[in-house]
Amino acid sequence: METFKIVIAGVGGQGTLLASRMLALSAIEAGHQVKIGETYGMAQRGGPVMSHIQIGGEAYSPQLRPREADILIGFELAEAVRRGVTYLRNGGLAVINSRKFPPVEVTSGMMHYPTEAELLALLGEVTDDVAVFDATALAEEAGDPITTNVVMLGALTASGSLPFTRETVLKVMRENLRSAYFDTNVRAFELGMKGFTDSGRR
Amino acid sequence: MSSHTVVTNQPGRRTLLMGNEAIVRGAIEAGVSVATAYPGTPSSEIGNTLSRVADSAGLYFEWSANEKVAFEVAFGASMCDQRSLVAMKHVGLNVALDVLNPVSLRGVKGGLVFVSTDDPSQHSSRTEQDNRWLAKQNCVPVLEPSSPQEAKDMVSYALDLSERVRLPVMLRTVTRLSHMRSDVSLGAIERRDREAAFDWDGFSYRVAGFDKLFKRHKERHEKLDRAQREFEGLSFNSLELDGGERLGIIGVGFAHNYCLDAINKASIEEEVAHLKLATPHPLPVELVSRLLEGVDRVLVVEEVDPFVELHVKALAKDVAPHVEVLGRMSGHLPREGELGPVTMDGTLATLLDLEIFKESRTDLEARAKDLLFDRMLTLCAGCPHRASIYALKKAVQAVKVDLRGVVVNGDIGCYGLAHAPPMSFEDTYFCMGASIGVSQGMARAGVDTIAWIGDGTFFHAGIPALINAVVNGASIKVVVADNGTIAMTGFQPTPQSGRTAMGRPAKRVMIEDIARAAGVDSVEVVDPNDLEAAERAFRRMLEVDGVALVIARRLCATEALRVMRPEKPVPLEVDSGACTGCRICLSQFGCPALVWSDLDGRARIDTTLCTGCGVCAQVCPQRAIGIREV
């Protein structure tokens with residue numbers, strides 16, 4: 001197979017790392033090779049974070065080339081667009097949490113957060129295949145906003161683009177997440193699948 | 001969750017490991033019995049993983065006081081025929097260099113491998129120093145893995161090599177490798193419970209004789225020659241000569257990945273010969289010569305400095321003078337900074353005149369950059385360092401009138417963010433412990449200073465400098481930002497924590513006891529979250545005629561949240577009737593939990609971030625911030 005390439009964009013503390021680990025473990029479970037490249041530098045909570053995931057095929061470096069990702073997963077609106085304009089391939093799929101996590105520069109009133117329309121217009125120059133929905137609201141509905149990452153995982157699975165099945169992802173989640181939170185996580189996963197379908201994938 | 005996969009004894013199983021975890025797995029498979037480290041990005045996960053699994057893996061692990069001590073502990077074990085591993089970030093080796101030199105001269109008994117995690121483009125460092133030069137200076141063989149799998153396998157090989165040639169061996173990683181994750185096939189864990197016994201013949205002046213042991217420069221060179229002969233046929237090195245002769249490429253360690261991806265992308269496998277080089281030092285000259293003989297140009301691709309490039313250039317002069325050696329020295333790759341797919345593609349496109357890599361989205365990316373904000377680094381919500389800096393600033397204002405009445409010499413850690421707005425109250429920081437040293441030179445020049453140093457850094461390298469100030473009567477002022485943990489690298493314990501890296505209870509060594517024992521004239525401990533008390537303590541410190549030290553002690557806010565789980569903090573609230581919208585809390589204090597609301601022109605508190613520390617309530621001149629009425 002050709003290498004399947006995913007970019008995850010978000011801010012520190014959103015659990016992007018857990019999502020990329022679940023995807024990578026699912027890939028291994030399905031018999032594929034996998035690589036994750038992380039960019040977090042000195043980012044503590046609230047700093048920008050990005051993961052590059054490559055599944056299968058012949059890939060060596062953990063860093064993706066620009067314009068080659070098949071899928072962009074945006075845990076945060078602005079970060080999704082920041083990374084998407086660079087890394088998403090033309091016509092690739094973008095799955096985006098519409099929730100905004102403004103940085104201190106914005107919350108303290110020094111800078112403004114662009115509107116959703118302004119941001120998505122930029123991404124629109126790269127692809128028409130965009131699914132935007134409030135994943136954090138769905139995570140709250142599942143019982144804990146911390147499960148936003150699992151909501152995103154569910155949405156991605158619903159897209160049908162992944163080289164492994166829903167059952168594989170659930171199996172990996174069951175084996176690797178704390179059992180006390182498993183039910184909440186499964187609810188979040190299902191809501192994510194529904195969130196993707198309902199988004200209408202503009 | 002099940003126990004960590006780095007300790008499962010399932011040979012052949014494929015599992016997901018981070019580069020740093022794979023190094024730990026390699027050490028466990030190869031029977032390392034003593035492991036030591038000092039935390040520092042991007043190396044810290046090596047020690048973090050070891051501290052979790054040391055007991056179940058049946059090995060000893062410690063966070064040592066600094067890298068030099070870490071190295072010495074490992075060497076002591078090696079002299080007793082135990083296998084040891086030491087991990088540090090690149091600049092840590094500067095601290096350990098004093099002991100690396102005698103270790104390499106005298107040699108080792110049990111295999112000794114030290115991991116240097118270099119940081120190209122200084123993602124989390126003050127420099128992008130290339131430690132291969134230090135290995136060369138000390139005749140140390142270097143292995144550079146290209147993947148987590150190789151990192152794991154190389155630890156085992158490096159330990160064998162170390163015992164065969166009786167030299168310490170450096171495993172050099174780069175940030176991208178240390179932090180990447182990939183599937184790794186596990187090997188068998190071999191329990192080699194060697195008898196621990198001091199090697200009298202190898203190390204004792206009494207037994208072996210001083211003359212035999214002392215001058216060893218010649219032996220060290222011969223050992224390095226043996227390592228070189230081994231590297232000529234090492235399977236981690238591989239030469240692909242079936243390509244054409246348009247270009248030869250040498251990809252060193254991790255950088256080899258960029259070469260392979262670019263070659264595949266451009267479909268030029270038939271047009272280039274390439275050498276994957278895992279052993280930059282000593283250079284396997286016969287292997288490299290075989291590549292040089294078949295090409296007119298060779299491009300050396302390596303992280304940070306043109307180390308291999310320089311050696312290949314020297315070699316080519318003797319064995320293949322017609323070959324042009326290209327790389328970071330020749331300007332075909334950038335002289336500084338991390339390489340990556342884009343850089344590599346560009347260089348190949350230029351050298352081979354390829355059209356394939358020339359597309360770009362420069363215009364779109366520029367417009368996105370214009371529209372988007374940056375996310376600057378900032379101290380966390382509720383961070384006690386923010387309170388310390390705020391109180392210190394007030395004290396300096398009161399005593400010196402002008403905030404430039406002192407030079408604030410900072411140090412290495414989270415608190416180094418004191419330079420960032422809105423605090424902007426730090427002038428310098430250099431290397432571990434330097435705040436106390438450089439302040440003394442400034443004092444000699446008649447310049448008033450404050451040394452601003454963290455608890456972890458104080459223990460690592462601050463103590464000798466403090467004693468120096470007392471003995472030589474340098475009237476310096478020291479503030480220890482004591483948040484009870486080495487927070488920036490992942491909350492490792494300090495000597496004050498009362499527990500070891502393996503979770504055993506430990507004696508607590510207190511900073512105030514050390515300062516008093518060193519003869520510091522005035523020592524105070526204060527809670528920075530009590531702003532008035534902290535300001536008064538800092539004012540007294542500034543007025544002491546002699547060496548004065550204040551410990552601003554309050555547990556790291558992030559660590560405090562973790563400790564209180566599952567309890568959650570009670571957030572504060574702004575009384576929007578009392579708030580006048582003066583913005584002092586935002587412009588002078590700037591906790592991320594404080595939010596400006598354009599709707600009513602008032603400050604608000606983000607209840608998901610607020611830790612309830614109550615410091616902003618003391619900052620507010622209107623007393624408009626308080627605990628939420630239930």
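**Exercise 1. List the buried residues of H1(B) and state what they say about the helix.**

Step 1. The buried residues of H1(B) are B:Gly19, B:Asn20, B:Glu21, B:Ala22, B:Ile23, B:Val24, B:Arg25, B:Gly26, B:Ala27, B:Ile28 and B:Glu29. Buried means under 20% relative accessible area, exposed means over 50%, and partly exposed lies in between (1.4 Å probe, protein chains only). Helices (H or I, at least four residues) and strands (E, at least two) are DSSP runs, numbered from the N terminus.

Step 2. Helix H1 of chain B covers residues 19–29, and eleven of its eleven residues are buried, so the helix is largely enclosed by the rest of the structure.

Step 3. Just after H1(B) comes B:Gly31, with a positive phi of about 80°.

The model is predicted: local features need pLDDT of at least 70, side-chain atom pairs count only at pLDDT 80 or more, and totals for chains, interfaces and linings use all residues. Residues are numbered from 1 along each chain as its sequence is written, chains are lettered from A and ligands numbered from 1 in the order in which they are written, and side-chain values use heavy atoms, with hydrogens and water left out.

**Exercise 2. Describe the salt bridge of B:Arg504 and B:Asp55, then that of B:Asp160 and B:Arg83.**

Step 1. B:Arg504 and B:Asp55 meet at 2.8 Å, N to O. B:Arg504 is in the loop between strand E16 (477–482) and helix H20 (511–517) of chain B, while B:Asp55 is in helix H2 (residues 44–57), 449 residues apart.

Step 2. B:Arg504 is partly exposed, with a relative accessible area of 38%, and B:Asp55 is partly exposed at 46%.

Step 3. B:Asp160 and B:Arg83 meet at 2.7 Å, N to O. B:Asp160 belongs to helix H6 (residues 148–165) of chain B, and B:Arg83 to the loop between helix H3 (67–79) and strand E4 (84–89), 77 residues apart.

Step 4. B:Asp160 is partly exposed at 28%, whereas B:Arg83 is buried at 2%.

**Exercise 3. Decide how the radius of gyration of chain B compares with the globule rule.**

Step 1. Chain B has 24 helices and 22 strands.

Step 2. Its radius of gyration is 28 Å, close to the 25 Å that the globule rule gives for 630 residues, so chain B is as compact as a globular protein of that length. The radius is taken over C-alpha atoms, and the rule is 2.2 Å times the number of residues to the power 0.38.

Step 3. The C-alpha atoms of chain B fill a box of roughly 80 × 70 × 55 Å, taken along the principal axes. Of the 630 residues, 59% count as buried.

Technical notes:
A salt bridge is a side-chain nitrogen of Lys or Arg within 4 Å of a carboxyl oxygen of Asp or Glu.
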